[in-house]
Structures are given as structure tokens and as C-alpha cells.
Amino acid sequence: MLRFAAIACFLLFAPTAQASAAAIVGKPAPAFDAIDASGELIRLDAFKGKYVVLEWVNFECPFVGKHYGSGNMQELQKRYTEKGVVWLSICSSAPGKQGHVTGEEAKELVTEREAVPTRFLLDPEGILGKKYGAKTTPHIFVINPKGVLVYNGAIDDRPSTKRADIKGAKNYLTAALESTMAGKKVEIAATQPYGCSVKY
Amino acid sequence: MASKLRQSAVWPVAAGVLLTWATACLAGATGRSENIDVALLSERVSVQPGQPFRVGLHMKMKRGWHTYWKHPGDAGLPLRIDWTLPPGFKAGAIEWPAPEPIPTGELMSYGYGHEVLLAVTITPPARVTADLVTIAGAFDWLECKEACLAGSAQLDVTLPVRSEPPRPGPSAPLFDRARARLPRSPEGWSLAATAGPRAIELRFRPPSGVRPNGGTFFVDEPLVVEYAAPQGFKRSSGWYRLTLVPAANAANPPRRLTGVLVLDGLDRRKGSTIVVNVEALSGDPTPAPAQSPRRNWPRVPLYATLVALIGIVVVAALMRRAARR
């Protein structure tokens, strides 16, 4: 009986494991595979040799609304995918939580917003999000053709939900992509992302 | 004569209307977002030229909702105020009371979960010609429960200008309470910090007789610590060590450590919320033992744990009885 009680006590009081995985700038970007909105399996490895942008999204979050409502995000997607950059929008909202989407809903929302990501990845279990330490929507990561993470952080330097703040903001994503695509070192490689918490 | 009488009667009536109106204004204009009741309040009932006074945004959250501290932690956004003041009036910075830790899943935010008064000191010019002044502002904030919504309100408060020192109004106790939660730099405390690859260590020595039994450091700069990681706490020979996990993506260890230290088990008057603004020496401190996760547990589990323990004993007794048969 004592042993039984001891085990039960251990189970009750055992500390929960602390998940602190994160994508570190200058290190290889964590490998992943995920299902996209069309049900296709997408592997990060498949994009070796290309620049890759990861954009965490939750269409019901007001910070995401700022960048999509103003057309800012779509404009960035268009500008860089035309230059051969792979743009992956990722939704890690768990079922029942804010911003959760099925593949069909994701496709609809993307079309409605005239967004043009290369793929829209579904991560309802938050596996991909936790692997990268995605904290907010939006949260931006940039990976170079060698598979090394060169940027992790905010989209720009104006943490707000106001569309008027986009003009005149320093866009960290643009700065990181322009530098790395010109073969230069990304000057501001890590910033604190701002937005709604990812709804794991 | 009749017209004169009528005229003289107009004034008391007008004054009465004005007084009623002014009193209503003193109570502060209120607004409401979906989940938070907001009101702009004044600590005092009138304004004396040249004498600073405080107004504050009082926010009362619906159950489960929260707003954010000046540094929101992993996610969130602090309040932003755009003031419209009478000529010559100046507004100071928001006086942020110490925040509460707000864990949401994997993440940790810093904010306010029940109610908060965010006060601002307004300084009028030495000469004010108007009889009434209106302090107005556009307030923008983020309110979150599971989901996040942008909240905003246009609020104002009108106060009479009087030459005598203003007396406290009905909202004064709220301002007193907020003041008690403001971080301070009390006498007799020593603080120091060391930053290394494994841990960032905040060392402090309180005045004799002051013995905290735990604490939380709320950093106010981005990319310094991992907000959600447990903080270590250890006492050794008069000094206390509080250790933090460095931010995974920080380019370099911090050169200064700034924020607020909130200590457990102390009377507020002995200083339980301490301003931290110290140089961080370079070194390699070891992480102190993590504090018991009790602070991160919801309040129910203590009760639930007791019930579970009783359950275990009962089940074990039943099993033993069954085994005997």
C-alpha cells in the first residue's frame, strides 16, 4: 500500500516538463513536416536552396488584422514570392480556440484576403509552433538557402493593432530578407515578436 | 423690476445646473469595452494652478480577462494614451503598479487580471484663466482571455479651477491602493546582478528582519529572459539569489537588469515591490533551485490534491482488503 501511495504521490506532484524548444538565429532551422490546407504533406527539407519565410497567423487576432486589413502582409507575400521566396503561413490555434481553421476554412480566408502565401500549414496540435517557439501572431522566421535561421521575431518595430502605425514602421522582415538575399549579414536578427499569444 | 427679479432668479438656477453638471463630471467619464469597464477618474475634486494632480484610468476586468503591464512578457500590449489637454497642461508617464504573472499555456504574460488604476500626473501651468478644465484622452489597449480583442475609449474628466489646495475626491482610495502597488526603492536594500550563459542572477539583501520566502522578477526589457521558465530562489548568508533563464535568442547577455522584483511573504510596508535597475556583471552564475510551482497552479489543486490523497488511501485500503480475501 505504501508503494502504491508513493507512486500516486509522485504522479500527483511530479513537475510538468518545461517545453522550451526554440529556433535559434545562426543555427539550423528545426526540420519539420506539416499538412497544408489542401491536405498535402509539406517538408521543410524540400525547400533547401531557397529562402523561406514562416509567418504565424490567427485571422481573428487584431494584430494579424492590422497587417491583413491594411494589405501589408499580402503585399509582402506578393513581393517576395515573386522573387522566389517560399512563404509559409502557419496556424497553430488548437481546435476550439481563437483562430482555429480547417483546411477548407483556411483556403476561404486566404482567398477572401487575396493573400498569396506559397502554402498555408495547419498545426492544430502546436507541434510546429512549439518546435520553433512561436509565441505570437504574427511571429516571423526567415531561413536561408542553407537551412540556417537568419531572423526570428516581430514583423516590425511598432507593437500595436493600429493600421496607421504600419506606415513609417521599420519592417524587420523586409530588412532581414533584403540583407540575406544580398549575401549580407542580417543586422537585426532577433527581436521580440508582438501580437496575440499563439492559441495552443 | 419684474424683469430684474427674473434675471436675478436665473443665476441661482444656472449655478445649480452647473454644479450638478460639474459634480457628474467629477465622478469621471466612463466607457466600456466588451470585457472591461473603464473610467477616467481624478484623485482630487478641483485643480489648483501650478499644482500637479493625478488622474487615472480605472479598468475593471470581467472574470478571466486581463490587460497588460508596460512590458507584456511573451505576448500582449501595454495601454497607450493620447492626451488632449488644456493649453499649458502637461501629462507625465503612466505610473504602472507591479504586475501579476499571467500564464497562458506555454507562454507567460505580465499584466493585471482583476482591476487596476493606471495613474498619470498632470501638471497645470502656474496661471489658469478658465473656471473649468477638461482632461481628455484617447485610450487604446489590448484585452485578452483566451482570445484577444483591441479595446479603446475616448474619456474625459472636467474639474473646477480653484485657488485653494484641492481636497481628495471619492476616488482617492483607489489612487492610494494603486500607489501602494507601485514599485519602490526602499532604504536598506542592496541589489546586484550577474549575467551568464546558464542563468541571469539577481542578488539582493534586504534590511535585517525582512525575510521573503520567494519572489518573482518581472523584467521590463525584451530579449533578456525566457518569461515562462521557472525562476530559481535561494537564501544564503543574508543574501538571496533569484535566477532567471536567459532568452534563447538574445545576441548577448544583458549589461543591465531592469524591472520589478515582487517578494512573497512580506508586508507591503517593508517593501514587497522593489525597483530593479542594476548593472549586470558578466559571469557564469548557476541556476538556483526552481521555486515550487505552486504560484503557477490554479487555486483549486490544493483542494483537489487533498481529495485525491484521501481517494488513494481509500482505494489502497480497499485493495488490501480485497487481497486478504
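Colleague: How many salt bridges does a search of the whole structure find over all chains?

Modeller: The search turns up 25. A pair counts if a side-chain nitrogen of Lys or Arg is within 4 Å of a carboxyl oxygen of Asp or Glu. Bear in mind that this is a predicted model, where local features need pLDDT of at least 70 and side-chain atom pairs count only at pLDDT 80 or more, while totals for chains, interfaces and linings use all residues. Residues are numbered from 1 along each chain as its sequence is written, chains are lettered from A and ligands numbered from 1 in the order written, and side-chain values use heavy atoms, without hydrogens and water.

Colleague: Which parts does the salt bridge of A:Arg119 and A:Glu40 tie together?

Modeller: Their closest N and O atoms are 3.2 Å apart. A:Arg119 sits in strand β5 (residues 119-122) of chain A and A:Glu40 in the loop between β1 (33-36) and β2 (41-43), so the pair links parts 79 residues apart in sequence. Those elements are DSSP runs numbered from the N terminus: helices are H or I with at least four residues, strands E with at least two. A:Arg119 is partly exposed at 25% relative accessibility, and so is A:Glu40 at 41%. On that scale, buried is under 20% relative accessible area, exposed is over 50%, and partly exposed is in between (1.4 Å probe, protein chains only).

Colleague: How many residues apart are A:Lys107 and A:Glu104?

Modeller: They are 3 residues apart in helix α4 of chain A, which means about one helical turn. A:Lys107 is partly exposed at 35%, whereas A:Glu104 is exposed at 54%.

Colleague: Now the interface. How much area do chain A and chain B bury between them?

Modeller: The size of an interface is often given as the accessible area lost when the parts come together. Buried area is that loss, taken with a 1.4 Å probe and summed over both parts. Chain A and chain B bury about 2,800 Å², 64% of it on carbon and sulfur atoms. In contacts (heavy atoms within 4.5 Å), 37 residues of chain A meet 36 of chain B.

Colleague: What is the count of salt bridges between chain A and chain B?

Modeller: There are 6. One of the pairs is A:Asp165 with B:Arg80, whose closest N and O atoms are 3.2 Å apart. On the side of chain A that touches chain B, α1 (2-13), α2 (62-69) and β9 (196-197) each supply at least two residues, and α1(A) gives the most, with 6. A:Lys97 and B:Glu146 also form a salt bridge, at 3.8 Å. This pair runs from the loop between β4 and α4 (103-112) of chain A to the loop between β10 (132-144) and β11 (148-160) of chain B. A:Lys97 is partly exposed at 27%, as is B:Glu146 at 45%.

Colleague: Is B:Glu43 buried or exposed?

Modeller: Buried, with a relative accessible area of 6%. B:Glu43 is in the loop between β2 (36-42) and β3 (53-61) of chain B. A network of salt bridges links B:Glu43, B:Arg54, B:Glu95, B:Asp176 and B:Arg179. Leaving out residues up to four places away in sequence, B:Glu43 touches several residues, including B:Pro168, B:Ala172 and B:Phe175.

Technical notes:
Buried area = accessible area lost by both parts, 1.4 Å probe.
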